[in-house]
Amino acid sequence: MPSYTVTVATGSQWFAGTDDYIYLSLVGSAGCSEKHLLDKPFYNDFERGAVDSYDVTVDEELGDIQLIKIEKRKYWFHDDWYLKYITVKTPCGDYIEFPCYRWLSGEGEIVLRDGQAKLACDDQIHILKQHRRKELETRQKQYRWMEWNPGFPLSIDAKCHKDLPRDIQFDSEKGVDFVLNYSKAMENLFINRFMHMFQSSWNDFADFEKIFVRISNTISERVMNHWQEDLMFGYQFLNGCNPVMIQRCLKLPDNLPVTTEMVECSLERQLTLEQEVEQGNIFIVDFKLLDGIDANKTDPCTLQFLAAPICLLYKNLANKIVPIAIQLNQVPGEENPIFLPSDAKYDWLLAKIWVRSSDFHVHQTITHLLRTHLVSEVFGIAMYRQLPAVHPIFKLLVAHVRFTIAINTKAREQLICEYGLFDKANATGGGGHVQMVQKAMQDLTYTSLCFPEAIKARGMDNAEDVPYYFYRDDGLLVWEAIKTFVAEVVDIYYEGDQVVEDDQELQDFVKDVYMYGMRGKKASGFPKSIKTKEKLCEYLTMVIFTASAQHAAVNFGQYDWCSWIPNAPPTMRAPPPTAKGVATIEQIVDTLPDRGRSCWHLGAVWALSQFQDNELFLGMYPEEHFIEKPVKEAMARFRKNLDSIVSVIAERNKNKKLPYYYLSPDRIPNSVAI
Ligand SMILES: [Fe+2]
């Protein structure tokens, strides 16, 4: 009688093992086996991390093995099981791999296909076509779209983390409990002692240092020591944690009536302001998105305020970017003066603080939340709904959406919901952040997510002309490395453009992103369908880059740049100044966040800047969804490319007082998960 050797690998994460009964059936081209209990006498099967082998003898020839069916039945109480993969050694000595990487919960069962990636057109056998279709039908019932707020990209239909399909939940919910993590952070940072003085102001800038003693690092210390300097202010627009706002100024905006006389002492080339604009030496950051956004009113004892500044910057003769004029609101007028470096020290400083606070809001809600977290979730849901596990694009993307739906669900549950943690210390809490996302949806275009084009659109692409823009330099290297890898994988499965166009599952994925993510907005420029291999490569590069590099660039610098509160105030407790000559140090300190809000903020940026335990960085694919050698070779080349980028960045950073490391591939997690 034919005998098969079946090897079963159980996951090594917490609670991955099971004591339940596990049955296996083999489905072959010539017949289907009986259900076999996988059990070795006097042995604890399916323990966490175990790889166990079993002999399965069948009554008759099964032909080619097409599917295997795994069933889990209750032993004592239901015990979830994480199955990594199964390999089957056939009677003729062939090995067939069946990747799984999924949980079996309750009276669960899973039907697996072998690991060869297949497009729908490659499947001729009825049973395989049916398996494909059934898998998607099941997934579409589990992964449903939901509108969390009007106008938002749709997100997952789940009220809380435990409602999510088991496969996309965090291994341990505890690790991502925001309430717990923020409180723990505050305890670690030794700042709990300030919480009872919640609404009291700090005494002066030095007083802020009191919450800064326990944990410090080179960058945040440097920020603390130099934050008042114009050079440090300008540098952050290039290489801080929101390096996406600055653009070359091609024409002075009508609502910023700034003249050469006003900025004369900042200009170094004996040119008029207009000539400087023409020569490309003027840059601009416009926070018009914040205009009309309601400030947080959730605490009746503390008034909070927002501004919508325009900041003009200048590339000086040393090729450094420095601010030269700041108008705090959009409509010019007597009560909206243009602040200048030549103004009184505290007038200028307060104007810069307002810009930093505005930058913090746009960073947190738009650059970070909308343009990495929410967008990546859209890719994740569309992938689960439209691509079966056997599809090469599923295999390619699954590592890059890992835990993204889970972290966003957690955020909607605890952080950005009504009465959530976000309301505690942020001026855009209490609904302002929702208005901001709704407004920013208009600018959420396809090209703005394609890194090289986004840089170009802001006129920041010329490295000689705009030096020291490390975010751009490193980002382009990583974009290219991802693109090369993606192109190699696409080449393996798509012979030509026609195969792309005919791949209905892929087209449904792309259409889902457009319809539900971008809400069917033509102006988003998101494709409704993809017709060429080249377009497909760009699209997938954009998906992977957004989830990995872009998120890393805007997430992991939060503690570095935002922990020194005056450099990134999450709220302002007095309105923007309407005249010059009135700002004092006392007034500035009374405007900045109080002690309690400072502590919440610090806890938040610290917790958000931490890598996960066992973080998977770009290029690491420990889950072997792909079994084909050419893909594994492409992965190895990808990792080699990434390693050389790590070296280039390390070399560039050598001896730098402000190293830029957020886009070093060894610090870029594969997916948005924090
Ligand atoms: Fe994040």
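Ser671 counts as buried, at 8% relative accessibility; buried means under 20% relative accessible area, exposed over 50%, and partly exposed in between, with a 1.4 Å probe and protein chains only. This is a predicted model, in which local features need pLDDT of at least 70, side-chain atom pairs count only at pLDDT 80 or more, and totals for chains, interfaces and linings use all residues. Residues are numbered from 1 along each chain as its sequence is written, and side-chain values use heavy atoms, with hydrogens and water left out.

Ser671 is in the segment after helix H22 (629-653); helices are DSSP runs (H or I, at least four residues), numbered from the N terminus. A polar atom of the Ser671 side chain lies 2.8 Å from the backbone oxygen of Arg402.

In helix H2 (residues 178-188), the buried residues are Phe178, Asn181, Tyr182, Ala185 and Met186. They cover an arc of only 135° around the axis, which puts them on the same side of H2; the arc is that of the directions from the helix axis to the C-beta atoms. These buried residues pack against helix H10 (404-415), helix H11 (421-425) and helix H21 (595-608). At the start of H2, a side-chain oxygen of Asp177 comes within 2.8 Å of the backbone nitrogen of Leu180.

Gln438 belongs to helix H12 (residues 432-440) and counts as partly exposed, at 29% relative accessibility. Gln438 and Phe152 are 286 residues apart in sequence and 6.1 Å apart in space, C-alpha to C-alpha.

The table lists contacts (heavy atoms within 4.5 Å).

| Residue | Contacts beyond four places in sequence |
|---|---|
| Ser671 | Ala399, His400, Val401, Arg402, Thr404 and Ala547 |
| Gln438 | Pro150 and Phe152 |

Key. Helix = DSSP H or I, 4+ residues; strand = E, 2+ residues; numbered from the N terminus. Polar contact = N/O pair within 3.5 Å; in protein donor to acceptor, adjacent residues only side chain to side chain.
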